[in-house]
Amino acid sequence: MLGIKALPREEIEAIFSLAKSFQEISTREVKKVPALRGKTLINLFFENSTRTRTSFELAAKRLSADVVNFSASSSSLAKGETIIDTVKNLEAYHPDIFVIRVGSSAALYALTQHTEASIVNAGDGRNEHPTQALLDMFTVSQQLGSCEKLKVLIVGDILHSRVARSNMFGFRKFASQIILCGPPSLVPFDCAEEGIRVEYDLDAAVESADVIIMLRVQQERQTSAFFPSLREYSKNYALTPRRLARARKDALVLHPGPVNWDVEIHSSLKWRVHPLILKQAENGLAVRMAVLFSVGTKKRTL
Ligand code: CP
C-alpha cells in the first residue's frame with residue numbers, strides 16, 4: 001500500500017467495507033479477533049507521529065498480529081547505521097508487514113527493494129499519506145453517504161502536504177471536484193493543469209464546499225519563508241467563525257491533526273469542529289485494521 005494514486009476505486013470501496021465491519025470490534029469488551037494471528041508487523045517510523053503510529057499498533061494488536069515498534073531516535077541510526085541497513089537487519093527477523101513513515105519518497109521506494117514483507121506507507125515526505133486519505137474519505141462517506149460528486153476544499157500548506165496529494169487522488173476517483181486554497185507560495189503551480197481549481201480567497205472558496213479539509217502548516221518542511229508571519233497566515237487562511245458562517249450549514253470540516261489552534265482553525269470553533277476531527281482519529285483505527293487485513297492476508301501490494 002504505497003499510495004492512493006495507483007489504488008483502483010474498487011479497492012478503496014473494499015477497504016471501506018472492511019473498515020465498517022471492523023469498527024464494531026473496538027466496542028467489544030474483548031477487542032481482539034484472530035485475523036492476523038501468527039503475523040509480525042514492524043512499525044518503522046523515521047518521523048514523529050501520534051495518530052498514525054498508535055493506530056497502526058492498535059490495529060495490528062486487535063487483529064492479533066505481533067507488533068514491534070521501531071523509533072528512529074532510540075535506534076542505531078543514532079550510531080550512523082543507514083536506513084537501508086536498518087531495514088535489511090529487521091528483514092532478518094522475517095516480518096510480514098512493515099509500516100513505514102520516512103521523510104523522503106525516494107527512501108520509501110528504495111526500501112521496497114530490500115524486503116520480502118508487505119509495505120504500508122505511513123507517510124513518505126510530501127508525496128503520499130494513503131491511510132490518512134482513506135480515513136478522511138471513509139469519514140466523509142459515513143457522514144454524507146458517499147464521496148461521490150462532492151466539492152472538496154483543501155486549505156493551507158498544499159505544497160508540503162502528503163495528505164492533500166493523497167486526498168486529491170482519492171476524491172477524484174469518485175468524481176469529486178477539488179478546490180485548493182492557500183497562499184500562492186504554498187499552492188504548487190501545476191495543480192490547475194491537472195484540472196483542479198485553485199482559489200486564493202478563502203472567504204469565496206468556503207461558500208460552495210461540501211467538505212473543508214484544513215491542513216497543518218508544516219514548518220518542519222519549510223526551508224524558507226513562505227508567508228510573512230503565522231499571524232498573517234491565519235488572518236488570510238485560518239477557518240474563523242466569520243468564514244465558517246459563509247459555508248454551507250452542513251459542510252464537514254476535517255483536519256488530519258495535529259491541529260495548531262488559532263493558526264489553521266480559530267480556537268473558538270473547537271466545540272464545532274473537534275468532534276469530527278476526533279471521529280477521523282477513531283475511523284483511522286478501523287481503516288488501518290482493514291488495510292493491514294488486506295495486505296496481511298492477500299500478501300500483495302494494494
Ligand atoms: N495525521 C497524522 O499523520 O498524524 P500523526 O503525525 O500524529 O501520525
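The protein chain here splits into domain 1 (9-129 + 282-296) and domain 2 (131-281), with bounds from an automatic or database domain assignment. The contact between them, meaning heavy atoms within 4.5 Å, takes 30 residues from domain 1 and 29 residues from domain 2. Taken over C-alpha atoms, the two centres are 26 Å apart.

Some housekeeping. This is a predicted model, where local features need pLDDT of at least 70, side-chain atom pairs count only at pLDDT 80 or more, and totals for chains, interfaces and linings use all residues. Residues are numbered from 1 along each chain as its sequence is written, and side-chain values use heavy atoms, with hydrogens and water left out.

Now the ligand. Around it are S49, T50, R51, T52, R101, H129, Q132, P256 and G257, each with a heavy atom within 4 Å of it.

Next, the polar contacts, which are pairs of N or O atoms within 3.5 Å. For S49, a polar side-chain atom is 2.6 Å from a ligand oxygen atom. In R101, a side-chain N or O atom lies 2.9 Å from an oxygen atom of the ligand. G257 uses a polar backbone atom, 3.2 Å from a nitrogen atom of the ligand.

How much of the ligand does the protein bury? Taken alone, the ligand exposes 250 Å², and the protein buries 90% of that, by the Shrake-Rupley method with a 1.4 Å probe.

Methods
Polar contact = N/O pair within 3.5 Å; in protein donor to acceptor, adjacent residues only side chain to side chain.
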